[in-house]
Amino acid sequence: MARKMWMRGTIAAVSAAAMLALGACSSEPASEESGGSESAEGSGGDELISIGFSQVGAESGWRAANTQSIQDTLTEENGFDLSFSDAQQKQENQIQALRSYIQQGVDVLAFSPVVETGWDAVLEEAKSAGIPVILTDRAVDSEDDTLYESFIGSDFVLEGEMAGEWAVEQYDGEGYKMVELQGTTGSAPAIDRKEGFGTAISGSDIEVIDSQTGNFTRTEGKQVMEGFLQKYDDIDLVFAHNDDMGLGAIEAIEAAGMTPGEDIKIITIDAVKDGMQALADGKINYIVECNPLLGPDLAEIAQKVVAGEEVEKRIVVEDLAFDQEAAVEALPDRQY
Ligand code: GZL
């Protein structure tokens, strides 16, 4: 509990002004050991590191920022020959892309697995081909962790706990009825954020009356929220697993003639610019950040893997959290 208290204490203790500084540094690489793009400089040799990257899709503002970070860092100037593909949130497209990169004989494979399961076969093929694999953003649920070298990403359970703890601090004792907009079914962030939030609110009088996937998109978040508003007339709180679904919920709540952030409170995760703007405008009440700027960490780990150096199996990306006041201060310096 001490750690979580520390996390919450730190966040609570960070004044809006101090958040401005932190907000600015959230444009920095995701973890302190990366030195930004300078750490991604080529190894000095002439050879470029060929890396095949399979991206989940382009479903959210977070994904766009994550893609930008990867493409801005894994450049020829920094010593990389990047092959990049967008799987449109379909696992079969990711597996197909990874197989084509294996065929090409790239030096390194990297991907953000759209869901946790179903990867062992293609990862075994990469291992047999002697091609190391780096996971970014989302984890795989595999018995054999020798199938990948390193996993770089946030702690989604902690993100859910941070969101749930804030909800308990603000709304316990009010008999709040909550609906949940889940991320993509079977994805690590959806599974873990749900788990973390549920743990944090257990024992409180916040009651989860419904929960459904909005697949991390604004459109589907709006559609699901429209359904909830037709089904229930006493919703007090929405927990959305990402900003984009929260922004869709805002549209549905306003179309129903209610005021988001007041009549129905909203808590989300990501802290992308559109979400932070809605938070600053009072339409969202709290956002836990999920830093998408994973490019520099990926570049650093790829260089080490190719050089045969030992790499950490798990690199946890630090996340902050923002209330409405902190968002107003942080917005001008947000890079995503
Ligand atoms: C989290 C990432 C999630 C974001 C969503 O690391 O996988 O996917 O929270 C995105 O916005 O679609």
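Predicted model: local features only at pLDDT ≥ 70, side-chain atom pairs only at ≥ 80, totals over all residues.
I count a polar contact as a pair of N or O atoms within 3.5 Å. Arg193 has a polar side-chain atom 2.8 Å from a ligand oxygen, and for Arg63 I read 3.1 Å between a side-chain N or O atom and an oxygen of the ligand.

I then checked the cover. The ligand taken alone exposes 320 Å², and the protein buries 99% of that (Shrake-Rupley areas, 1.4 Å probe).

I turned to the shell. The ligand has 13 residues around it, and Glu59, Asp137, Arg138, Arg193 and Asp270 come nearest (a residue is near if one of its heavy atoms lies within 4 Å). By class I noted six charged, five nonpolar and two polar residues, with Gly counted as polar and Asp, Glu, Lys and Arg as charged.

I looked up where the shell comes from. Helices α3 (61–73) and α7 (188–201) each give at least two residues (DSSP runs of H or I, at least four residues). Domain 1 (2–154 + 292–319) and domain 2 (156–289) each contribute at least three; the bounds are from an automatic or database assignment.

Notes on method: residues are numbered from 1 along each chain as its sequence is written, and side-chain values use heavy atoms, without hydrogens and water. Local features need pLDDT of at least 70 and side-chain atom pairs pLDDT 80 or more, while totals for chains, interfaces and linings use all residues.

Key. Polar contact = N/O pair within 3.5 Å; in protein donor to acceptor, adjacent residues only side chain to side chain.
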